[in-house]
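Welcome! Here is a short tour for someone meeting this protein for the first time. Take a look at the sequence and the model, then read on.

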Amino acid sequence: MLSRRQLLKTGIAGVCMLGAARLAYGPFGENVSAYSSALSDQFQWLTPQRANIVSRFAPVMLQGAIPANNPARQQTLDEVVYGFDLAVSGLTPAIQKEVDQLFMLLELAPSRRLLFQVWDGWDHATDQQLADFLNAMKNHPIGLLQTAYAALHKLTMAAWYGNPKSWERIGYPGPPHHLFGGVS
């Protein structure tokens, strides 16, 4: 039987735990802004929030590969996000589910804060913070996080290098025309 003192202590401890959990979750409302581009309505897998996360990571992962000036940069970034969506859409349902779990982890404020030390959300993170996060994820002692980094990296690279517009920047003439009938 609980005494009145034990009941009060338990109640106060419960309130403190709920308050700490609420503080760890962060402010009410959207944790991730919605991404919008001319290609957004063609996404098959990405939600606007997940597209926004991809748009934040892609320039850091493709540093030096995408144009630096703003109009061309934004168009290229839109194409990379669209390519990321195409790449994930082409995966098997089981792997899509794993990528889905990765994005749930990235979207959830407590996991972003506790695992990745990104406190203010992906929209407010600087490119250096994102690069530090990606580097920490790549070299993390937990193998699952290394795998998560590899998935993000490979999907972003597939999105970029799968676009024939990127080939000119790297001097790749494209696949031989006699094998594939040419790529326009």
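A cavity here is a set of points on a 1 Å grid over the protein atoms alone where a 1.4 Å probe fits but cannot get out. By that rule, and with a volume of 30 Å³ or more required, the count is one cavity. Please keep in mind that this is a predicted model.

## The overall picture

Let us step back for a moment. The protein has nine helices and zero strands, and along the sequence the pattern reads α-α-α-α-α-α-α-α-α. Its radius of gyration is 21 Å, whereas a compact globule of 184 residues would have one near 16 Å. Taken along the principal axes, the box filled by the C-alpha atoms is roughly 85 × 35 × 35 Å.

## How some helices meet

The table gives their angles and axis distances.

| Helix pair | Crossing angle | Axis distance |
|---|---|---|
| Helix 4 (residues 93–107) and helix 5 (residues 109–116) | roughly 85 degrees | within 5 Å |
| Helix 2 and helix 4 | about 80 degrees | 11 Å |
| Helix 2 and helix 6 (residues 127–138) | roughly 80 degrees | within 10 Å |

Start with the last row. An angle of 65 to 115 degrees counts as roughly perpendicular, so helix 2 is roughly perpendicular to helix 6. On the helix 2 side, Arg 56, Phe 57, Val 60 and Met 61 take part, and they meet Asp 127, Leu 130, Ala 131, Phe 133 and Leu 134 of helix 6. This contact has seven nonpolar and two charged residues, with no polar ones.

Helix 2 and helix 4 are also roughly perpendicular to each other. Helix 2 brings Gln 49, Arg 50, Ile 53, Val 54 and Phe 57 to this contact, while helix 4 brings Asp 100, Phe 103, Met 104, Leu 106 and Glu 107. Sorted by class, these are six nonpolar, one polar and three charged residues.

Helix 4 and helix 5 make a roughly perpendicular pair as well. Leu 105, Leu 106 and Glu 107 of helix 4 touch Ala 109, Ser 111, Arg 112, Leu 115 and Phe 116 of helix 5. Five of the residues in this contact are nonpolar, one is polar and two are charged.

Phe 57 of helix 2 belongs to the contact with helix 4 and to the one with helix 6. Leu 106 and Glu 107 of helix 4 take part in the contact with helix 2 and in the one with helix 5.

Now back to the cavity. Which residues line the largest cavity? They are Ile 53, Val 54, Phe 57, Ala 58, Phe 84, Phe 103, Leu 152 and Thr 156. The space inside comes to about 30 Å³. Helix 2 (48–61) and helix 7 are the elements that give two or more residues to this lining, and helix 2 supplies the largest share, four residues. In terms of class, the lining has seven nonpolar residues, one polar and no charged. Ile 53, Val 54 and Phe 57 in this lining also sit in the contact of helix 2 with helix 4, as does Phe 103 from the helix 4 side.

## The open space

What is the volume of the largest pocket? The value is about 310 Å³. Its lining is made of 13 residues, and those nearest the centre are Glu 98, Val 99, Leu 102, Thr 147 and Ala 148. Helix 4 and helix 7 (143–161) each provide at least two residues of the lining. The lining of this pocket divides into 10 nonpolar, two polar and one charged residues.

Notes: Residues are numbered from 1 along each chain as its sequence is written. This is a predicted model: local features need pLDDT of at least 70, side-chain atom pairs count only at pLDDT 80 or more; totals for chains, interfaces and linings use all residues. Side-chain values use heavy atoms; hydrogens and water are left out. Axes are lines fitted to C-alpha atoms, for helices over the stretch in contact, and angles run from 0 to 180 degrees between N-to-C directions. Angles under 35 degrees count as roughly parallel, over 145 as roughly antiparallel, 65 to 115 as roughly perpendicular and the rest as oblique. Contact means heavy atoms within 4.5 Å. Ala, Val, Leu, Ile, Met, Phe, Trp, Tyr, Cys and Pro count as nonpolar, Asp, Glu, Lys and Arg as charged, and the others, Gly among them, as polar. On a 1 Å grid over the protein atoms alone, a cavity is a set of points where a 1.4 Å probe fits but cannot get out, and a pocket is an open set with protein on both sides within 12 Å along at least five of seven lines; lining residues have an atom within 4 Å of a point. Grid points are joined across faces, edges and corners, and a volume is the space filled by probe spheres set on the points. The radius of gyration is taken over C-alpha atoms; the globule rule is 2.2 Å times the number of residues to the power 0.38.
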